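Hello,

Please find the structure below, followed by notes on what was found in it.

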Amino acid sequence: MPLTREQIASIAALARLDLSSSEIPIYQNSLSSILEFIGALEAADTANVVPMAHPLPGQSQRLRPDVVTESDHHEQYQANASQVAAGLYLVPKVIE
Amino acid sequence: MTDLHRKTLVELAAGLRARRFSSVELVRAYLERIEASQATLNAFISITGESALRDAQAADAALAAGAAGPLTGVPIAHKDLFCTQGVRTSCGSRMLDNFVSPYDATVVAKLKAAGAITLGKTNMDEFAMGSSNETSYYGPVRNPWNTGMVPGGSSGGSAAAVAARLAPVATATDTGGSIRQPAALCGVTGIKPTYGRVSRYGMVAFASSLDQGGVLATTAMDAALVLREMAGFDSNDSTSVDVPVPDYVAGLEQPLAGLKVGLLKEFFDKGLERRTEKCIREALRVYESLGAVLSEVSLPSLPLSVPVYYVVAPAECSSNLARFDGVRFGHRCANPRDLQDLYRRSRGEGFGAEVKRRIMTGTYVLSAGYFDAYYLKAQRVRQLINADFIRAFQSVDVLMGPTTPTPAFAIGAKTSDPVTMYLNDIYTIGANLAGLPAASIPCGFVEGLPVGLQIVGPHFSEARVLAVAHAFQRDTDWHSRVPRDYA
Amino acid sequence: MSAWETVIGLEIHAQLATRSKIFSGSATHYGAPPNTQANLVDLGYPGVLPVLNAQVVRMAVKFGLAVGARIATHSVFARKNYFYPDLPKGYQNSQYELPIVVEGALDIVLEDGSGKRIGVTRAHLEEDAGKSLHEGLPGLTGIDLNRAGTPLLEIVSEPHMRSAKEAVAYMKKVHTLVRYLEICDGNMQEGSFRCDANVSVRKVGAEKFGTRAEIKNLNSFRFVERAINYEVERQIDLMESGGKVAQETRLYDPDKGETRSMRSKEEANDYRYFPDPDLLPVELDQAFIEDVRKGLPELPDQKAARFASGYGLSAYDAGVLTASRELAAYYEDVVREVPREPKLAANWVMGELAAALNKENLDVSAGRLPAARLAGLVARISDQTISGKIAKEVFESMWSDGSTADEVIEAKGLRQITDTSAIDKVIDEVLAKNPGQLAEFRSGKDKLFGFFVGQVMKATGGKANPAQLNDSLRKKLNG
């Protein structure tokens, strides 16, 4: 079933993507055809199959010793930011 | 010294050590070739000529002092999603057009430590999402064999650069075929190692459970040398595997007699173009003549690999790319009205159409009500595909088949329908889903366009895969063909 | 009797007291200048990857064992996806479907001495977010990511609490426990220990839970109590006036003493959890778990039980004295000096000492009054050198100038009069001075006994031994 304009708008809102009204029908079409394409999965018999989240089986998380290895480089790191002041990253006012 | 570019990396390293030519000469020669090609091929996003020449001088000093590493003075190019300290790392995106990485990716640091010199950063599909290099913010890369054709993607810049001998080797990444498919379309050798073999630290993520760094080179021997230097355990990457790295170069000369080669039945399907198939069949006969034993193998779940991929990869990418919000780095829209406006416009302007499409697909398949039907289902089918591969490798040593269904297609031919474009990766995605090492090597031409043979091995069998590729290249010369304009 | 029953569950966030962050080698000190403790991983820079801190796992297991929970040998980090400026990656790494600690319980003791068992549904590991600062930035918010990536243990209770008091008792119990285990510094002002309260009401006897509201980020016991009480009243008023409680997130405003809806957190609340592909499952073996178990300290309940039986204290007193490891150690240091007076020592530690510390906002571990000093005072009460009443005066001097009990007693001449003949002499004088009252007493006005005690105490400056005084006075009055 093709996605509606509203569905595209709500996905874009969730993903925080600004779409123009002319872009919406383009994504309506392409996402609908992608969903139809991946819908082929439905037919696969996956009863009792464990989902596979990692490509290498049997691996487990390695643990790092609790040691401080980092020093202050905030000026260097903030060189890539558009708006900073007094060491803070700035954004339009957040209303809670 | 106008023919330096015709040498392999191994020959160049030997020549440098024997001081037959200097690193400065070599780097200068490649930089000239890059400059001359840019207007036509557009293979590079950034060219780091100044620092390359400086590094070359230092390399020459080291060579003179007898303090050379395995790659000292040898030029290479990096795909522009490997972070390079002090150099723009754009990922082919407007989002990161202004981004200068404050650190080196582990791969970059390791190759630097081995002595390699960075010529520049190669063009790519935006955030590695594409199969034709047409989604780059910096414009498409053209195929050196026919500039009306795509080079493949997403590592199209790296593949075109190696094919046109703009660099002897280039790093690349492969999430669903992004090393092997452009290798095939540009007539070069590419290897995607086992997942976890090469550190992902500093490699800007597309889909974390599929991404793997690798090499594009003219020969399997060159690929072996570079992979040996870039592979290995990295404590900064939790998915990096602590398995010793064999000397891939020393392991190249394995006899092929008795090698059990499985022909992937599902790859020789109706989608495989007839003349491409003919090239593949001829390559298989070469292997037979070298002593390999061929048999047909079926992986019944493999045809579902593309749908699985187009759930898993977008899901992971939708989350991986959430960090690009205009706050700490990357594109920020002008005069945001409020926080939501900042997010939506920065991301809306910073990402191109294909990236947005995949983010939205991923957002959708992970969202409430669809997670089980799409994401979880895909993870289960992924398990089935993985099981198919494990079963296959109980009876064969390597699997072979075409890398792509057709040779390079025309620029613009598939941009209107994403699903048609996605199907270009139909033969390559399986290895990513199962985390397997896989290579593509040149094995012929169709109407002047290269065809690639794919070799897939079990986990951590890079040495075997490279040796199998090398054996073919000892017996054939497809890999040493150079596009006419770049000979 | 109210027709409504309150149902409360708490989600407590305890910052784990590690040196470095959960996924990076950045320091976790509180109060550093903005963004000086945020490295590339904490900032979510392109290309960086997380690696899990071993100490974080050990601490979570410690907690799990201490609440008698099952330790999951296989736990998984998921990504909770949402956009917020204090969340650099656009997702929070958090254990979701498979947490590391499952199904434990804690026993709380209420003020009336009754006990109750509160279920701990789960405890899982996750990373903290940064901080948003609004002051001094007109129209803007400043983001400090020093806190981003600080390890948190989120401790989720069953909805077993039925009043704000129970909720506070449970939260205090968890607070005590995490400090005993040395996995959290418990500093609530700095936000190291805070909670979200899920509050609902239902008709008494109803089986189904009512719709709950989640009150976010409560960082003091007092706020927890007030916020819950306010919220309960609000929900009851709403229901009684025919309204419906909305499932929503609310914020407690300590200045106004009320909760209000946080609509901004509500919109598009679809977190799209999925297992984090950058982190592998955390696998623990029994040997590791046993190793952690061996390193556990004596736990608050074990200590309280030992105090109750060994020192003859009430369950409530034992609970108070074991509320922190430091207080319990102090008490035991006092008792070691005066082994025959555990109850008297307990009264002094919980009474005068606690009040004095409280007044100056000090912790017992600050060493303001060493245990040996307080024991010296208790010893003088015990051997009847001074009375309990005089002892309070001595304590004040000891507290203000740091002298010992003996020094104060000597300097001020506060030694108790235990010489019977001396006491008798004073009694005789008092009786002689008050013939009227004596006559009244002898004619049956028993209440005047107290009057004579007071007069004798006054005449001796309070130093007469009370028991001896009572004894002699009774004899003389009746004689």
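**Chain B and its contacts**

Across the interface of chain B and chain A there is one salt bridge, meaning a side-chain nitrogen of Lys or Arg within 4 Å of a carboxyl oxygen of Asp or Glu. It joins the side chains of Glu23(A) and Lys356(B), with an N to O distance of 3.3 Å.

This is a predicted model, in which local features need pLDDT of at least 70 and side-chain atom pairs count only at pLDDT 80 or more, while totals for chains, interfaces and linings use all residues. Residues are numbered from 1 along each chain as its sequence is written, chains are lettered from A and ligands numbered from 1 in the order in which they are written, and side-chain values use heavy atoms, with hydrogens and water left out.

The contact (heavy atoms within 4.5 Å) takes 68 residues from chain B and 48 residues from chain A. The buried area is about 5,100 Å², with 67% from carbon and sulfur atoms; buried area is the accessible area (1.4 Å probe) that two parts lose on being put together, summed over both. In chain B, Arg332(B), Arg344(B) and Met360(B) lose the most area to chain A, together 14% of what that side buries.

Chain B also meets chain C, with 36 residues of chain B in contact with 29 residues of chain C. Here about 2,800 Å² is buried, and carbon and sulfur atoms give 60% of that. One salt bridge is counted between chain B and chain C: Arg200(B) pairs with Asp278(C), their closest N and O atoms being 3.0 Å apart.

Within chain B, helices α7 (residues 220-230) and α15 (residues 462-475) have axes that come within 8 Å and cross at roughly 155°. Helices are DSSP runs (H or I, at least four residues), numbered from the N terminus. Axes are lines fitted to C-alpha atoms, for helices over the stretch in contact, and angles run from 0 to 180 degrees between N-to-C directions. α7(B) and α15(B) are therefore roughly antiparallel to each other, a term used for angles over 145 degrees. Among the residues making this contact are Ala220(B) and Leu227(B) of α7(B), and Leu466(B) and His470(B) of α15(B).

Regards

Technical notes: Helices (H or I, at least four residues) and strands (E, at least two) are DSSP runs, numbered from the N terminus. Angles under 35 degrees count as roughly parallel, over 145 as roughly antiparallel, 65 to 115 as roughly perpendicular and the rest as oblique.
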